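User: Hi! I'd like a close look at one part of this model, namely how its chains meet.

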Amino acid sequence: MTPVPTVFSVTFDATELDARRAIGQIVERLETSGLGDDQVGTVQIVLAESVNNVVEHSYAGQNAGQIEVECDVAQDALSIQICDTGTSLIDQGLPAGKPADVSGTRDTLPEGGFGWFLIRALTRDIAYHRENGCNHLVLSFHLA
Amino acid sequence: MSLTSTVKDSARIITVNADRIDAAMAIQFKEDMRTETENGPDHVILDLSAVDFIDSSGLGAIVAAMKQLDDHRKLDLAGLTPTVEKVFRLTRMDTVFQLYPSLGAAMATLEN
C-alpha cells in the first residue's frame, strides 16, 4: 500500500508519560496513512529517542515546556519536525552518535548512550536549526 | 507491575506483560527485575513476546538487569518482536545476549 500524503501535528507536555501517549497517537496516524509495519517500527524508534532527548536534556533543570511533533507524509518520504523551547543545541551541535562499545565484560556494558546512534542509523537525513527561541529538529525518512 | 515469573526446568522464566519498555517505565522495570531475580535458578529467561516496542532506556534497563546478576548467572531473551529485535541488532546487543525466537525455543535448549 502506498502512503497517502498527509500532514498532521501533535503537541504535548514534555513528560515521559505524555510523550508515550503522543508517540502512540502518532504511530496510529502513520499506520492509518499506509506506512508498513517495518517503517512504522523504524520511525517509532527514532521518534522515541528524539522526544526522550528533549524531555531529558532540552528541558533539564527548568520547567518542562511543550513539544510539538509535525509529520509530513509523502508517497515516498516522511519528514518529522520536532519543536521545543528548551536549551539551544547551537553551541554544542548535534551529538555524533557513535556506536556504544559492547565488547567488554558484563560490568562494563553500557546502559545508555544509544539514542543518537539509533537516530542517525535509521534516518536518511537530520537537520537542526534554532528560530525564535525554539529548537527545530527535522528527521527525514525514505518510504520507497 | 507488569512482570510475572515462574520456575520451570531449572530456569526462572520472567514474562513481561506490557507492550512497551520505554523511558517512562525503565527504572521500575529494572527494580522489578531485581526483585524477580533476587534468588532462584542461575539461568533466567526473559520472555519479551508481548513487547512491541523498546527504546534505548528500555534496552539500558535490560542490560542493567543482567548486570545485577552475579557473574555465573545468565539472562537470555526470548520472543523478540521485529522492532525490539531491530534495536538489539543495531546496538549490537544481539552479540551480548543469547536471543531465542520464542520461549519454547529457549526452553528446548534446557531440555537437551
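How many salt bridges does the structure hold over all chains, and what does the interface of chain A and chain B look like?

Analyst: Happy to walk through it. This is a predicted model, so local features need pLDDT of at least 70 and side-chain atom pairs count only at pLDDT 80 or more, while totals for chains, interfaces and linings use all residues. Residues are numbered from 1 along each chain as its sequence is written, chains are lettered from A and ligands numbered from 1 in the order in which they are written, and side-chain values use heavy atoms, with hydrogens and water left out.

Over all chains, the structure holds eight salt bridges, a salt bridge being a side-chain nitrogen of Lys or Arg within 4 Å of a carboxyl oxygen of Asp or Glu. Three salt bridges lie across the interface of chain A and chain B. One salt bridge joins the side chains of A:Asp38 and B:Lys86, at 3.0 Å from N to O.

Now for the interface as a whole. Contact (heavy atoms within 4.5 Å) involves 26 residues of chain A and 30 residues of chain B. Together the two chains bury about 2,300 Å², with 60% of it on carbon and sulfur atoms; buried area is the accessible area (1.4 Å probe) that two parts lose on being put together, summed over both. Of the area that chain A buries against chain B, A:Arg20, A:Arg106 and A:Glu111 supply 32%, more than any other three residues.

Ten residue pairs are in polar contact between chain A and chain B, both residues at pLDDT 80 or more. Here a polar contact is a pair of N or O atoms within 3.5 Å; within protein, one must be able to donate a hydrogen and the other to accept it, and residues adjacent in sequence count only if both atoms are side-chain atoms. On the side of chain A that touches chain B, α1 (16–32), α2 (37–58) and α3 (115–122) each supply at least two residues. Helices here are DSSP runs (H or I, at least four residues), numbered from the N terminus. The most comes from α2(A), with nine residues.

Finally, α3(A) packs against α3 (residues 82–90) of chain B at an angle of about 105 degrees, their axes 11 Å apart. Axes are lines fitted to C-alpha atoms over the stretch in contact, and angles run from 0 to 180 degrees between N-to-C directions. That makes the two helices roughly perpendicular, a label for 65 to 115 degrees. A:Phe117, A:Leu118, A:Ala121 and A:Leu122 meet B:Lys86, B:Val87 and B:Leu90 there.

Note on methods: Angles under 35 degrees count as roughly parallel, over 145 as roughly antiparallel, 65 to 115 as roughly perpendicular and the rest as oblique.
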